[in-house]
Every structure is written in C-alpha cells, then in structure tokens.
Amino acid sequence: MDIFHIEGPVRLSGSITVNGSKNASLPIMAATILASGKSILSAVPHLSDISVCSQLLGELGCKVSRNNNGDLCIDSTVIDNPVGDYEIVRRMRASICILGPLLARCGRAEVSMPGGCTIGYRPIDIHIRGLRELGAKIHIENGYIVAEAKNGLTGKDVFMGGPFGSTVLGTANVLMAATLAKGKTIIESAACEPEISDLANCLNKMGAKITGIGSPRLVIEGVKQLYPVEYEVIPDRVEAGTFMVAAAITAGQLQLNNCRLEDMMAVVDKLRSIGVTVEPADDGCIVARNGPLKPADITTQPYPGFPTDLQAQFMALLSLTEGNSIIIEKIFPDRFMHVAELNRMAANLRKEGPTVIVAGVKKLIAAPVMASDLRASAALVLAGLAAEGTTTVNRVYHIDRGYERIEERLNPVGAKITRESM
Ligand code: EPZ
C-alpha cells in the first residue's frame, strides 16, 4: 500500500524511453501455452500484472523466469494443470486469455469466471460464444468456466461484435484457439488494436497461418502444431500517451523514444487540437506545449478511435483548458472513478451518465486522493504534477500494475515524486 507524494507544479523536460506493452505482453505470454518448449519474450515490462501472469502460467505447469538480459523465458513443455485459479484471476482479469490456448492445447480448461471490476461491468459472453462456435462445450460450475473440446476444435466463421464494438481479449482467445483448430476460421468484427496485431504476428512466427492482421476480418488456417518463439513485444501506446499528457499538462517538452506514432493517430490528433505539438523524431517523437490549452470533445472508441485507456489522463489535461470540454466513454460507460478525485483537486467536472462535462479551471490544487484503477491513478499523478502543493496519492499498487516505477521515469525529467512504502 505505497503512497506517492507529488510536489507541483513542475515543468517536465528531457527524454523518456517507453517500455514494452503490458497489454500486448499478456496475451503473448498466454500464446506460449500453444507450443511445447521454451519461448523467449523480450521487452516485457516489469509490472505486477506480468508477475501475476507468470504465476498463473507457473500454476499450469510452465517454468517462467527472467534471463540476464531481462527477457522473459517461458518453458511450456509441461502443462499438467489446465486451471486458472480464482485466487489469481481475481487479481487480474486478463487471466481470462489463457482459456482459448489451454483449450486448444489440452482439450480442456477450467478458468475462474472474472468477478466485478472497478472500471464497470465487464462480461465475457463473447469469448464464450466464440469458443463454442469452434466446437467447445462450455458451462459454468462453482464460479469456474469449464470448457472441453475432447476431439479438438474446428474452424468456423465467428462473429465477435458486441454492444460496445469488438472485444480485445475475446478476439485474442478465439484467435489463439483457432490456430490449432481443424480447417479455416474467419473472425468477423475482430478487434483491430495493435496489441492484437502483435499477438497475430507472434503466432505466425510460431507457425500459425493468420492473414488479415490489423483488419476486422482475421482469417486463420488451422495448423497441426505451433513452435516456441523468440519475440519482442511492441512499445506501450498507453504509457506513451500518458507521458505525452505529462509533457502537455506541465507545459513542458519530452522526447519519447521507442514510441510508435502510427499506433496513436487518434491521440496525436487530439493533442494537436488541444494546442500541443507532436513531432516525429528518430525512434519516437517530441511532445511540447508552449501556449494555452484549448478545450476538446473526446469520444472513446475501439481502435483506431481514441482509446478508453487514455480517457482519464486526458480528463486531467482538459481540466486546465480555457473553456468547456466533453468526454464521452463508449467502451466502459462507468469508467469514471477519477472524476470525484480530480474534483478534490479543484477540477470542475460534472458526470452525466457516460459523459463528463469538463469546465476548465485556471489551476489545480493539491489534495490527498485515492487511486482506484490503473489509468485513473495515472490521471491523478498527472494532475499532481500540475497542481499547486503536495498531492498525496494513496493505493499506488494500482499504478504499479501498468507503469514500471513511474516515479523513477518522471523524476529525471523534472518531476518531484517520492514513494513512501507503508
Ligand atoms: C482490453 O480489455 C484491455 N486489457 C483493457 O486495458 C482495455 O481498456 C480494453 O481492452 C479496451 O480497449 C488488456 O488488454 C489486458 P474488451 P478487454 O473485451 O479485452 C464489452 C488497461 O487499463 N464486452 O475489448 O477485457 C466490454 O464490457 C485495461 O490496461 C462484452 O460485452 O476489453 C466493453 O464494453 C483495462 N462481452 C467492450 O466490450 C465480452 O465478452 C470492450 O471490452 C467482452 C467484452
């Protein structure tokens, strides 16, 4: 239960290297289940969610370790316990993405049904529907999803659309399962997020036959076997976006290395309309703000639209514009735990259903605030950089799930964040 003390306001200046993507790493770690042998994944960040996923794979029978370079080595030669235990799944919902690969490899899987979540209702009905289409028999028993495919899975046309668009981890589950199914699978309305493309590229390197990568129509020709892989995951676009907002909210300038602007066009476009310059540089970009911030309207959408994972951080930024902004959350309509906390820092936010009206204020004022989920907590850190006084952020473990020692990344470029270990 660490606490951050953040002294503000500061102006950030310097360069930061963006880490590998958490949300690409997690399904790719699950994909190693599909091939017997030792896979080596590089650029996997040191985050608590990655440790939880390593523990989960360990419970299945895999041997997971880091080598001297920091690469993650997963030896999946033995998988003798295809069970995703409640005690692990309740700590990390993304554990659900072992369901598809376990089913394909072992013909059976039991994974605890994920429970409630601070960012709102998060069903997994489309995951289950998709795997049933491939021939799996699935029922819920004692809080577990029990899935069976004794004679293997069979390729089929599967529609993965839902009330809020496509599903990222649902697509990952069905995609991984389909690689070893008999015959051809077409996933219609597949998620197009770069993390899904990264997973598909990794699977192809393992011997899968996937085409249509990056499009909403993935075509998978099932193969008999996949092989262990050496693979480097893509940079984290959400971490990059968070650092971009850090430069903008502090009227600073940051060079971000290892940042793929092509994955972030909606974010870059929004920053530019707010009055922030984003220029491509060698291996990333330079983000700077010299003048006042302009208001903006943001609607979160599936990729390539504006990502829900940056909604909270942009709310902190828009709090300091001259004028009114509107933020509409179309992926997780209740993902607004940060609203009340930002208002404690003198922001002027009014929530109306899945919409927040942001009336710009001249300054934010430090306060003790509570981190609630990963991205909401990042928004509080960003607000703390710009606020007058010392902001105290409680429950920092939420931030540690998705940002590797964020204070050690931001302090060298001008932040004043101290971590108090409780
Ligand atoms: C992934 O979650 C990410 N997690 C989330 O990142 C991200 O916010 C989300 O995608 C949306 O981009 C990982 O990659 C580990 P979804 P996921 O299934 O796959 C509805 C972060 O901060 N839906 O794409 O679980 C769902 O309720 C996190 O790093 C169904 O209706 O999200 C939501 O409205 C948090 N039925 C929408 O689809 C289903 O079966 C999109 O959810 C599945 C989803």
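Colleague: Is Phe314 buried or exposed, and what is its relative accessible area?

Modeller: First, the basis: this is a predicted model, where local features need pLDDT of at least 70, side-chain atom pairs count only at pLDDT 80 or more, and totals for chains, interfaces and linings use all residues. Residues are numbered from 1 along each chain as its sequence is written, and side-chain values use heavy atoms, with hydrogens and water left out. Buried means under 20% relative accessible area, exposed over 50%, and partly exposed in between (1.4 Å probe, protein chains only). Phe314 is buried, with a relative accessible area of 0%.

Colleague: Which residue forms an aromatic pair with Phe314?

Modeller: Rings of Phe, Tyr and Trp (its six-membered ring) pair if their centres lie within 6.5 Å; planes under 30 degrees apart count as stacked, over 60 as edge-to-face and the rest as tilted. By this rule the structure has one aromatic pair. Its centres are 4.9 Å apart with 85° between the planes, so it is edge-to-face. The partner of Phe314 is Phe306.

Colleague: What is the relative accessible area of Phe306?

Modeller: Phe306 counts as buried because its value falls under 20%. That value is 4%.

Colleague: What is the distance from a polar side-chain atom of Thr167 to an oxygen atom of the ligand?

Modeller: A polar contact here is a pair of N or O atoms within 3.5 Å. The backbone of Pro123 has a polar atom 3.4 Å from a ligand oxygen. The side chain of Arg335 has an N or O atom 3.1 Å from a ligand oxygen. For Thr167, the distance is 2.7 Å.

Colleague: How much of the ligand's accessible area does the protein cover?

Modeller: Accessible areas come from the Shrake-Rupley method with a 1.4 Å probe. On its own, the ligand has 830 Å² of accessible area. The protein covers 91%.

Colleague: How many salt bridges does the structure hold?

Modeller: Side chains of opposite charge can pair when their charged atoms come close. A salt bridge is a side-chain nitrogen of Lys or Arg within 4 Å of a carboxyl oxygen of Asp or Glu. One of them joins Glu87 and Arg90 at 2.8 Å, N to O. The count is 19.

Colleague: How many residues apart are Lys363 and Glu388?

Modeller: Their side chains meet in a salt bridge at 3.3 Å, N to O. Lys363 is in the loop between β21 (355–359) and β22 (368–370), while Glu388 is in the loop between α12 and β23 (389–394). The pair links distant parts of the chain, and the separation is 25 residues.

Technical notes: A polar contact is a pair of N or O atoms within 3.5 Å; within protein, one must be able to donate a hydrogen and the other to accept it, and residues adjacent in sequence count only if both atoms are side-chain atoms. Helices (H or I, at least four residues) and strands (E, at least two) are DSSP runs, numbered from the N terminus.
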